[in-house]
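Q: Hi! Could you walk me through the ligand site in this one?
A: Happy to; here it is.
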Amino acid sequence: MKKVLIISSSLRGGSNSEVLAHEAEKGAMDAGHEVEFLSLKGKNIKFCIGCLVCQKTYKCVQDDDMANIIGKVQNADALIFAMPIYYYELSGHLKTFLDRCNPLFPQQNKFNDVYLITSSYDDAPTASDRAVNGLKGWIECFEQSRFAGVLVGGGVNEPKDAANRKDLRQKAYELGKNI
Ligand SMILES: Cc1cc2nc3c(=O)[nH]c(=O)nc-3n(C[C@H](O)[C@H](O)[C@H](O)COP(=O)(O)O)c2cc1C
């Protein structure tokens, strides 16, 4: 059994990436893992200000919702990030979240397998390539972790489009089931 943390980063109602993230949640639960699903909607997560104080104190100088989340990232065995593709890159929300994980950089962390679920209007298999690359940059900075896979949720644009995409929902379920 693994501890799986799912971070859904879209802020929109009826989020497609969140629909797919919930399918991955079901798969991971059916596989017997302990799963926590966390949405960034309504969370106060400020930009990293780059002071680097956290590299000595392991704690951010800013007091916001990240304080209650960062320990969950550190102690998960597997992470699944879900996000909309914005301008063929990581969305700003997820990038901000990843930057704010900087207190973990000098520490021992558990998470090793890191997955990405994306949603985009474009249904080309390459639509998520730059976002994957961006996430890989973060992963490279944590030596115990590795990029474990991506689900490219292409061809979904309007809210809840993904609910009608059995193919994508099945793939997301399998991503979770195969952790
Ligand atoms: C600011 C912004 C930029 C976007 N850029 C792209 C893009 O580069 N390529 C694409 O295919 N879709 C793009 N989209 C569409 C979203 O990726 C798409 O609607 C997705 O399903 C949203 O996922 P969500 O419902 O989980 O937020 C963009 C949407 C917004 C709001």
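A: First, a polar contact is a pair of N or O atoms within 3.5 Å. This is a predicted model, where local features need pLDDT of at least 70, side-chain atom pairs count only at pLDDT 80 or more, and totals for chains, interfaces and linings use all residues. Residues are numbered from 1 along each chain as its sequence is written, and side-chain values use heavy atoms, with hydrogens and water left out.
Q: Great. How far is a backbone N or O atom of I85 from an oxygen atom of the ligand?
A: 2.8 Å for I85. A polar backbone atom of N16 is also 2.8 Å from a ligand oxygen, and for V156 the backbone N or O atom lies 2.9 Å from one.
Q: And how much of the ligand's accessible area does the protein cover?
A: 80% of the 640 Å² that the ligand has on its own (Shrake-Rupley, 1.4 Å probe).
Q: How many residues surround the ligand?
A: 16, with a heavy atom within 4 Å counting as near. The closest are S10, S15, S17, S119 and N157. The shell divides into 7 nonpolar, 7 polar (Gly is put here) and 2 charged.
Q: Switching topic, how many salt bridges are there?
A: The structure holds 10, each a side-chain nitrogen of Lys or Arg within 4 Å of a carboxyl oxygen of Asp or Glu. One of them joins K26 and E23, with the closest N and O atoms 3.1 Å apart.
Q: Where do K26 and E23 lie?
A: Both are in helix α1, 3 residues apart, about one turn of the helix.

Key. Polar contact = N/O pair within 3.5 Å; in protein donor to acceptor, adjacent residues only side chain to side chain. Helix = DSSP H or I, 4+ residues; strand = E, 2+ residues; numbered from the N terminus.
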